[in-house]
Amino acid sequence: MAALLETRGLKAFYGSTQVLYGVDLAVAEGGVTALLGANGAGKTTLLRALCAMARREGTVLLDGKPFNPRQAEDAARCGVAHVPDGRGTFLGLTVEQNLRLGAYLRKDRDGVAKDLDRAFSYFPRLEERRQQQAGTLSGGEQQMLAISRALMLRPRLLLLDEPSFGLAPLVVKGIFDILRAINRDEGVSMLMVEQNASLALALADHAYLIETGRVVIGGAAAALRADESIRRVYLGY
Amino acid sequence: MAALIHQILSGLAMGSIYACVALAVVMIYQATHLVNFAQGEMAMFSTYIAWALINAGVPYWGAFFLTIIFSFVLGMAIERLIIRQFDGAPVLTVVIVFIGLLVIINSLAGFLFSYTIKSFDSPFPETMSFGRGYISPHELGSIGVVLVVLALVYAFFRFTPLGLAMRAAAQNPVSARLVGIRVHRMLAIGWGLAAAIGAVAGMMAAPIVYLDPNMMLGILLYGFAAALLGGIDNPWGAALGGFIVGVLENVAGAYLVGEEIKLTVALAIIIGVLVAKPSGLFSRAIVTRV
Ligand SMILES: Nc1ncnc2c1ncn2[C@@H]1O[C@H](COP(=O)(O)OP(=O)(O)OP(=O)(O)O)[C@@H](O)[C@H]1O
Ligand SMILES: [Mg+2]
């Protein structure tokens, strides 16, 4: 499989504080890559650095071409949708307005209408709450909304920052099933940050474990899953 | 009774002007959490442009629309060239910038057009066949113009994709960027719109308060009061606050205390309301459930 996204020697900074120290990773075309690591390892920062939300150095290639958005709004224009840390829904707007904003860059009205229905077919709860303010949704519903909003862009690459955060196990399972379906049926590639290593490794084809800004282990997800010592030492399950 | 109705109606007319100013102030506040102290002076300058156009022979309504376009561009330019430079600066710095802008526009108007008071004609007839003694044609016309402006602004934010994008950019700039909205451009458009709305207020006020570089000072104060009363986080509450302040001011002036200290009474009532309900009468804090 060719790489859709590739980073080489990626460094990231907040002001003068360096957080990433040369990360090499790849997301295959149509693949799912999981990014694991302890709190403060730099996972969120990596996603931010990709989207020009943190200063970065090094090489990032999207489809083999340099991917250097000057501002976060340029990332969306390259087909990269980001479900950020904390979900980032527009709390004061309705569910439907949130979804329409996800399609802000698209001009094909019919396609947008179809994708709205598709989002509702994945998450029927959102349809029931279509005219409700996003701020009144439960945490799980907001996560569904955040993912659906990102998909409204029809992205090539979906960046997900801890989609399971703060959600009940059953809700998490539902969301992961849908992510799997989206990946399989629509070929959307994903780079997923997760604390829940077992779930993430079950969905991903590749995985990287980062520690204080460096990749310590990377490879096929199946291999990480199979390696008892890695599981015990790094993944804790 | 007739006198009271007259006071209320002309209060609504002044109130419509306060409503525009309050709306302009709140629009910028919502996007930036900053109160633009120069909003009144921008409106005053726009009114001078209208005056100059009319004096140059442009028919009133032509001048009216040209002034609105000019103000929109001026507002965008001020955001792009000046306010943008202070992105992320401490609040106090930005307040100083706004006050500096106020002084600069005021003296620029004085320099260009002199400080002598000028009369500014109303586009509406001098007399009309109905409502005599209750409301003047200019008062009725102002209310009508402002209601049209409010309806247009409402429709813009409610029904157009650009309006929705501006609301998104104001509410959550980070997420707005992630869906591809050019947040800075939205901010500039917001400044343009606020300046255009302010220009309408200036042009409607000028036949009543006359045209001079300080014409908007009192009006801006009432506009702020209206915004606080109605709720600084709700543009429509703020506009409604404008009408309420206009009526309060007029009725208090006529019946309670006389013209000299009506401002005091009106402000006292507003402070009373704010003590009871600090976020304003029509505040709509987002219902969150986290
Ligand atoms: N805006 C910021 N300014 C300065 N430092 C920051 C900022 N955001 C994060 N950091 C620092 O960067 C480091 C990495 O943070 P990051 O949020 O990327 O971690 P993470 O791997 O996502 O952790 P978690 O699992 O807790 O979400 C941390 O030490 C953090 O303190
Ligand atoms: Mg994180």
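This is a predicted model: local features need pLDDT of at least 70, side-chain atom pairs count only at pLDDT 80 or more; totals for chains, interfaces and linings use all residues.

Chain A brings 26 residues to the contact, and chain B brings 23 residues. Together they bury an area of about 2200 Å², with carbon and sulfur atoms giving 59% of that area. On the side of chain A, the residues that lose the most area to chain B are A:E73, A:F90 and A:Y104, which together make up 27% of what that side buries.

What holds A:E73 to B:R177 in this picture? The two form a salt bridge, and their closest N and O atoms are 2.8 Å apart. Across the interface of chain A and chain B there are two salt bridges, and five residue pairs are in polar contact. In chain A, the elements that give two or more residues to the side touching chain B are α2 (72-77) and α3 (95-102). The largest share, five residues, comes from α2(A).

Here is that side of chain A sorted by class:

| Class on the side of chain A touching chain B | Number |
|---|---|
| nonpolar | 11 residues |
| polar | 11 residues |

Now step back to chain A as a whole. Chain A has 10 helices and 10 strands, and its C-alpha trace spans about 45 × 40 × 35 Å along the principal axes. A compact globule of 237 residues would have a radius of gyration near 18 Å, so the 17 Å of chain A agrees with that. Of the 237 residues in chain A, 55% count as buried. Among contacts in chain A between residues at least 6 apart in sequence, 66% link residues at least 24 apart.

Note on methods
Residues are numbered from 1 along each chain as its sequence is written. Chains are lettered from A and ligands numbered from 1 in the order in which they are written. Side-chain values use heavy atoms; hydrogens and water are left out. Contact means heavy atoms within 4.5 Å. Buried area is the accessible area (1.4 Å probe) that two parts lose on being put together, summed over both. A salt bridge is a side-chain nitrogen of Lys or Arg within 4 Å of a carboxyl oxygen of Asp or Glu. A polar contact is a pair of N or O atoms within 3.5 Å; within protein, one must be able to donate a hydrogen and the other to accept it, and residues adjacent in sequence count only if both atoms are side-chain atoms. Helices (H or I, at least four residues) and strands (E, at least two) are DSSP runs, numbered from the N terminus. Ala, Val, Leu, Ile, Met, Phe, Trp, Tyr, Cys and Pro count as nonpolar, Asp, Glu, Lys and Arg as charged, and the others, Gly among them, as polar. The radius of gyration is taken over C-alpha atoms; the globule rule is 2.2 Å times the number of residues to the power 0.38. Buried means under 20% relative accessible area, exposed over 50%, partly exposed in between (1.4 Å probe, protein chains only).
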